Amino acid sequence: MRFTLLEHRQGTEKHWDLLLEWPGEERLRTWQFEEHPWESTLPGKRIGDHRRIYLDYEGPISHGRGEVRQCGTGTYRVVAETERGWQVALSNGRTCLLWLYDTPPPSSSGTIL
């Protein structure tokens, strides 16, 4: 399965969005990180699922929501699973292990963008 890490800038604010293809799902599961996840131990926050276009997209986001730039793409696999989340191994020339917790936002649709 594929992943993309996007740097999302809006004005002076910046965060990173990790988007994962997920088996059997049309949209991309997404986690937001306040610091680059390869360089931080801060956990990501599950946010609404994103459209598949963002696996390959770079550029402005509609409605003045800033712009995104790819910081990493590659493949991943689930290494461990618990009731609260998953440990994934992301590979793009090097391997990074991350724990991703399933805490979706309070939304009826659970999707954004």
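Which residues have the most contacts inside the largest nonpolar core? They are Leu18, Leu20, Leu90, Leu98 and Leu100, in a core of 16 residues. The structure is a predicted model. Its chain contains 8 strands and 0 helices, and its radius of gyration of 13 Å agrees with that of a compact globule of 113 residues.

**Fold and dimensions**

- The order of elements along the sequence is β-β-β-β-β-β-β-β.
- A compact globule of 113 residues would have a radius of gyration near 13 Å, and the chain has 13 Å, so the two agree.
- The C-alpha trace spans about 40 × 35 × 25 Å along its principal axes.
- Of the contacts with a separation of 6 or more, 45% join residues 24 or more positions apart in the chain.

**Nonpolar cores**

- The largest nonpolar core comprises 16 residues, with Leu18, Leu20, Leu90, Leu98 and Leu100 making the most contacts inside it.
- At least two residues of this core come from each of strand S1 (2-10), strand S2 (13-20), strand S3 (28-33), strand S7 (85-91) and strand S8 (95-101).
- Another core, of 7 residues, lies apart from the largest one and includes Leu6, Leu19, Leu28 and Ile61.
- When residues up to four places away in sequence are not counted, Leu98 touches Leu18, Phe33, Pro37, Trp38, Trp86, Gln87, Val88 and Leu90.
- Two of these partners of Leu98, namely Leu18 and Leu90, are also listed with Leu98 among the residues with the most contacts inside the largest core.

**Surface and charge**

- Buried residues account for 42% of the 113 residues in the chain.
- The chain exposes about 6600 Å², and carbon and sulfur atoms supply 48% of this area.
- There are 14 positive and 16 negative side chains, and the centres of the two sets lie 1 Å apart.

- Glu67 belongs to strand S6, which covers residues 67-81.
- Glu67 is classed as partly exposed because its relative accessible area is 47%, a value between the limits of 20% for buried and 50% for exposed.
- Beyond its neighbours within four places in sequence, Glu67 is in contact with Glu7, His8, Arg9, Gly59, Pro60 and Ile61.
- Glu67 and Gly11 are 56 residues apart along the chain, and their C-alpha atoms are separated by 9.3 Å.

Terms used:
Residues are numbered from 1 along each chain as its sequence is written. This is a predicted model: local features need pLDDT of at least 70, side-chain atom pairs count only at pLDDT 80 or more; totals for chains, interfaces and linings use all residues. Side-chain values use heavy atoms; hydrogens and water are left out. Helices (H or I, at least four residues) and strands (E, at least two) are DSSP runs, numbered from the N terminus. The radius of gyration is taken over C-alpha atoms; the globule rule is 2.2 Å times the number of residues to the power 0.38. Buried means under 20% relative accessible area, exposed over 50%, partly exposed in between (1.4 Å probe, protein chains only). Contact means heavy atoms within 4.5 Å. Accessible areas come from the Shrake-Rupley method with a 1.4 Å probe; for residues, only the protein chains shown count as cover. Lys and Arg count as positive and Asp and Glu as negative; His and the chain ends are not counted. The place of a charge is taken as NZ of Lys, CZ of Arg, CG of Asp or CD of Glu. A nonpolar core is a set of buried Ala, Val, Leu, Ile, Met, Phe, Trp, Tyr and Cys residues joined through side-chain atoms within 4.5 Å.
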